Amino acid sequence: MPIIAPSILAADFANLQNDIEMVNKSQADWFHIDVMDGVFVPNISFGMPVIESIKKHAQKPLDVHLMIVQPERYIETMANIGAHLITVHQEACTHLHRTLAQIKEAGCKAGVVLNPATPVSILEDILLDCDMVLLMSVNPGYGGQKFIPQTLNKVKKLRQMISEKGLNTLIEIDGGVNMETGKALVEAGADALVAGSFVFSSPEPAEVIANLKSL
Ligand code: DX5
Ligand code: ZN
């Protein structure tokens, strides 16, 4: 069964507690927290006060996706707020190995995110240090975009790299996940699915989460 991580970016920010309680009671595994700085991606989402408020109510681990330049500046802050897993973009890190070590030293699981145009082969010499790899299946910055089908090939290649190296690195996918793309992703070898608009635009979000969980 895949790990399901509803993306809070698509929640109702005026009624966040309600949506957090829904996720708490649902079959979801993690809260996916999208942090955007308006520089690495064109959009700005939310920052520390909002994440602290989410953490107060969340009864499941926070999967924090940093879409920001120089993410190393905020690792300790996110760890102190209580992040379980912190993912940083390969494209945003000059010293990726050091940043992953910094995340682990702060007591969190460490993951690397790849944009759609970044090949999985770039992870050859860093995969050993990744608890998770997050493959973007849309260009980061916005919810509700269309799934990029080439992601399926990337998942298969990455799954092969991980098994050839005998690792247990998780593969997470983010963007345009619904029942159809989710099924194809799980078949290709994905372990974890992020879903934003597909979950929160439904009148029965907990049911959507249960359906994704059954994939
Ligand atoms: C996009 C974010 C995603 C986003 C996914 O930059 O990283 O987590 O919330 O949204 P959907 O599931 O609507 O594509
Ligand atoms: Zn995300």
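In this predicted model, H32 meets ligand 1 through a polar side-chain atom that lies 3.4 Å from one of the ligand's oxygen atoms; a polar contact here is a pair of N or O atoms within 3.5 Å. H65 also takes part, with a side-chain N or O atom 3.3 Å from an oxygen atom of ligand 1. G196 uses its backbone instead, placing an N or O atom 2.8 Å from an oxygen atom of the ligand. The protein covers 99% of the 380 Å² of accessible area that ligand 1 has on its own (Shrake-Rupley method, 1.4 Å probe).

Around ligand 1 there are 20 residues, and D34, G141, D174, G196 and S197 come nearest (a residue is near if one of its heavy atoms lies within 4 Å). By class, this shell has eight nonpolar, 10 polar and two charged residues, with Gly counted as polar and Asp, Glu, Lys and Arg as charged. β2 (31-36), β3 (62-67) and β8 (192-195) each supply at least two shell residues, and β2 gives the largest share, three.

As for the whole chain, it has eight helices and eight strands (DSSP runs of H or I, at least four residues, and of E, at least two). The C-alpha trace spans about 45 × 35 × 30 Å along its principal axes.

Residues are numbered from 1 along each chain as its sequence is written, while chains are lettered from A and ligands numbered from 1 in the order written. Local features need pLDDT of at least 70 and side-chain atom pairs 80 or more, while totals for chains, interfaces and linings use all residues; side-chain values use heavy atoms, leaving out hydrogens and water.

Conventions
A polar contact is a pair of N or O atoms within 3.5 Å; within protein, one must be able to donate a hydrogen and the other to accept it, and residues adjacent in sequence count only if both atoms are side-chain atoms.
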